[in-house]
Amino acid sequence: MQSIVQAAVVIGLWIAFARGPAEPERLVRYSAATVAAFIAFGKVLSPQFLIWLIPLVPLARGRRGVAASAVLLVALVLTQLWFPYRYWDLALRQDELASYLVFARDLVLIALVAVLVIPRRAAARMR
């Protein structure tokens with residue numbers, strides 16, 4: 001089921017990009033969002049996968065780029081709080097704190113996708 005969700009989100013991002021103007025800035029944002037979605041919705045989310053986002057997300061311009069970079073930084077910090085220090089506690093003893101940190105990191109990655117692709121008009125209406 002998770003692979004279906006992953007594929008649906010990635011295809012949805014592709015369609016959303018294809019329906020809009022083919023601008024370099026949009027290409028960068030949607031590329032970063034697609035990689036973030038692929039990571040967030042994949043069956044395995046190895047902490048090392050976040051490295052793929054480090055060169056992509058900061059390329060997004062403007063306030064959205066700053067916001068996306070801040071969200072990525074939160075995801076990186078949350079990952080660092082449990083990996084590698086609490087990894088074995090999570091893997092062997094289902095440590096509650098490590099579980100919450102992993103869950104929070106996953107939610108932050110989904111928020112990163114939203115920050116990168118929500119249209120400006122929709123973001124302005126949400127305020």
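1. Lining by residue class. The lining of the second largest pocket holds 5 nonpolar and 7 charged residues, with no polar ones. The model is predicted, which applies to every point below.

2. Pocket size and centre. The volume of the second largest pocket is about 250 Å³. Its lining is made up of 12 residues, and those nearest the centre are R26, R29, R64, P119 and R120.

3. Helices at the pocket. Two helices, α2 (24-40) and α6 (120-126), each give at least two residues to the lining of the second largest pocket. The largest share is that of α2, with 4 residues.

4. R29 and its partner. R29, one of the residues nearest the centre of the second largest pocket, also forms a salt bridge with E25, at 2.9 Å from N to O. Both residues belong to helix α2 and are 4 residues apart, about one turn of the helix. R29 and E25 are both buried.

5. Other salt bridges. The whole structure contains 3 salt bridges. One of them joins R93 to D89, with the closest N and O atoms 2.5 Å apart. These two residues are in helix α4 (residues 87-93), and because they are 4 residues apart there, about one helical turn separates them. R93 is exposed, at 54% relative accessible area, whereas D89 is partly exposed, at 26%.

6. R105 and D106. A salt bridge also links R105 with D106, and here the closest N and O atoms lie 2.8 Å apart. R105 has a relative accessible area of 2% and is therefore buried. For D106 the value is 22%, so this residue counts as partly exposed.

7. F17 is in helix α1 (residues 2-19) and Y30 in helix α2, so the pair ties together parts 13 residues apart in sequence. Y30 is buried, with a relative accessible area of 10%.

8. W82 and F83. The ring centres of W82 and F83 are 5.6 Å apart and their planes stand at 65°, so this pair is edge-to-face. The accessibility of the two partners is as follows: W82 is buried at 4% relative accessible area, while F83 is partly exposed at 22% relative accessibility.

How values were computed. Residues numbered from 1 in each chain as written. Predicted model: local features only at pLDDT ≥ 70, side-chain atom pairs only at ≥ 80, totals over all residues. Heavy atoms only, no water. 1 Å grid on protein atoms, 1.4 Å probe; cavity = no way out; pocket = protein on both sides within 12 Å on 5 of 7 lines; lining within 4 Å. Points joined across faces, edges and corners; volume = space filled by probe spheres on them. Nonpolar A, V, L, I, M, F, W, Y, C, P; charged D, E, K, R; others polar. Buried < 20%, exposed > 50% of the residue type's maximum accessible area, 1.4 Å probe, protein only. Phe/Tyr/Trp six-rings, centres within 6.5 Å; stacked < 30°, edge-to-face > 60°. Salt bridge = Lys/Arg side-chain N within 4 Å of Asp/Glu carboxyl O.
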